[in-house]
Amino acid sequence: MRIHYQPQIDARTGSVMGVEALLRWQHSEAGMISPAKFIPLAEEQGLIVPIGEWVLEEACRRGKAWHDQGMEIQIGVNVAGQQIMHESLLPTVARVIQQSGIRPALLDLEVTENFLLRQPEITIPKLHKLREMGVSLSMDDFGTGFSSLSYLKKLPLNTLKIDQSFVRDIGEDPEGTAIVKAIIVLAKSLGLEALAEGVETSEQLSFLRTHGCHQIQGYYFSRPLPVDELPDFVLNQAVEISFE
Ligand code: C2E
Ligand code: CA
Ligand code: CA
């Protein structure tokens, strides 16, 4: 297994503000297996907790090395529902921050709404503890789960990630387009950042910018990149968009 990193761009400056760590499994016989296939399997087998711990360790170690090279980018790590429920989450995050030396604010944990709301009495206090540790929090795939807006205001989030299914609808489907606008307004009103995922076209990008969503992730800028290709991208990207 290895990790690829997908750049997240601040469309106001054109610079890379962060990356999302995405797991890749190169199987000796089956070839590249998609995480959409093996993550649910790992969850079933109870393997997602140790795998998730490895991703966190590896991404933080790598992130700290980039930070030391002058790249001030946030490192986004997906946290599965089982990891949130597991008692090891807080001690693991604390240990990884300590061992890697990463600045906690440059670590962004991505959580999804379904799990949070299944046992909110356990998950919500944990999220507050993570924020007290200085870690940043994003709600992944926002709008696709059983969003309860009354919980949303209780969650100590920094960012709502607009799911790619809505981004795909921009300019194609009026309802989906309306939902994107509404999420951007909702994020703003709650004092949160909105980040759009799965941005593939200049039309989507310009719509998002017009409506005030400046954090962009998607193939339009870059696919998830292998570790050794990321620094070049970070260093060259700012120049390219600023002359747009
Ligand atoms: P996700 O967290 O929603 O990650 C975004 C997915 O969208 C990634 O798929 C990414 O490659 C893909 N993507 C990014 N930009 C575009 C675009 O412009 N167009 C399209 N069509 N797709 C785009 P990927 O890497 O296959 O990962 C799938 C899912 O697997 C992730 O969805 C996440 O839920 C899960 N996953 C991946 N790595 C991890 C991990 O380390 N831990 C956990 N718990 N889950 C992970
Ligand atoms: Ca994610
Ligand atoms: Ca997502």
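1. A quick definition to start: helices are DSSP runs of H or I with at least four residues, numbered from the N terminus. Keep that in mind for E58 and R61, which sit 3 residues apart in helix α2 (residues 48-68), a separation of about one helical turn. Their side chains meet in a salt bridge, 2.4 Å from N to O. E58 counts as buried, with a relative accessibility of 17%. One thing to remember throughout: this is a predicted model.

2. Stay in helix α2 for another pair. D68 and K64 are 4 residues apart there, again about one turn of the helix. They form a salt bridge too, and their closest N and O atoms are 2.8 Å apart. D68 is exposed, at 55% relative accessible area, while K64 is partly exposed, at 21%.

3. Now zoom out. The chain has 11 helices and 10 strands. Its radius of gyration is 17 Å, close to the 18 Å that the globule rule gives for 244 residues, so the chain is as compact as a globular protein of that length. The C-alpha trace spans about 45 × 40 × 40 Å along its principal axes, and 50% of the residues count as buried.

4. What about contacts across the sequence? Take those with a separation of 6 or more: residues 24 or more positions apart account for 65% of them.

5. Which parts does the K161 and E20 pair tie together? The two side chains meet in a salt bridge at 2.9 Å, N to O. K161 lies in strand β7 (residues 159-162) and E20 in strand β2, so the pair joins parts that are 141 residues apart in sequence. Both K161 and E20 are buried. They also belong to a network of salt bridges that links E20, E110, K161 and E197. In total, the structure holds 9 salt bridges.

6. Have a look at R24, also in strand β2 (residues 15-27). Side chains of opposite charge can pair when their charged atoms come close. R24, though, is buried and has no salt bridge; the nearest side chain of opposite charge, E20, is 8.8 Å away. Leaving out residues up to four places away in sequence, R24 touches several others, among them M1, H4, F38 and P224.

7. One backbone detail is worth checking. Most residues other than glycine have a negative phi. D141, in strand β6 (residues 136-142), has a positive phi, near 50°. D141 is partly exposed, with a relative accessible area of 27%.

8. Last, the charges: the chain has 21 positive and 32 negative side chains, and the centres of the two sets lie 5 Å apart.

Technical notes
Residues numbered from 1 in each chain as written. Chains lettered and ligands numbered in written order. Predicted model: local features only at pLDDT ≥ 70, side-chain atom pairs only at ≥ 80, totals over all residues. Heavy atoms only, no water. Helix = DSSP H or I, 4+ residues; strand = E, 2+ residues; numbered from the N terminus. Rg over C-alpha atoms; globule rule 2.2 N^0.38 Å. Buried < 20%, exposed > 50% of the residue type's maximum accessible area, 1.4 Å probe, protein only. Contact = heavy atoms within 4.5 Å. Lys, Arg positive; Asp, Glu negative; His and termini not counted. Charge placed at Lys NZ, Arg CZ, Asp CG, Glu CD. Salt bridge = Lys/Arg side-chain N within 4 Å of Asp/Glu carboxyl O.
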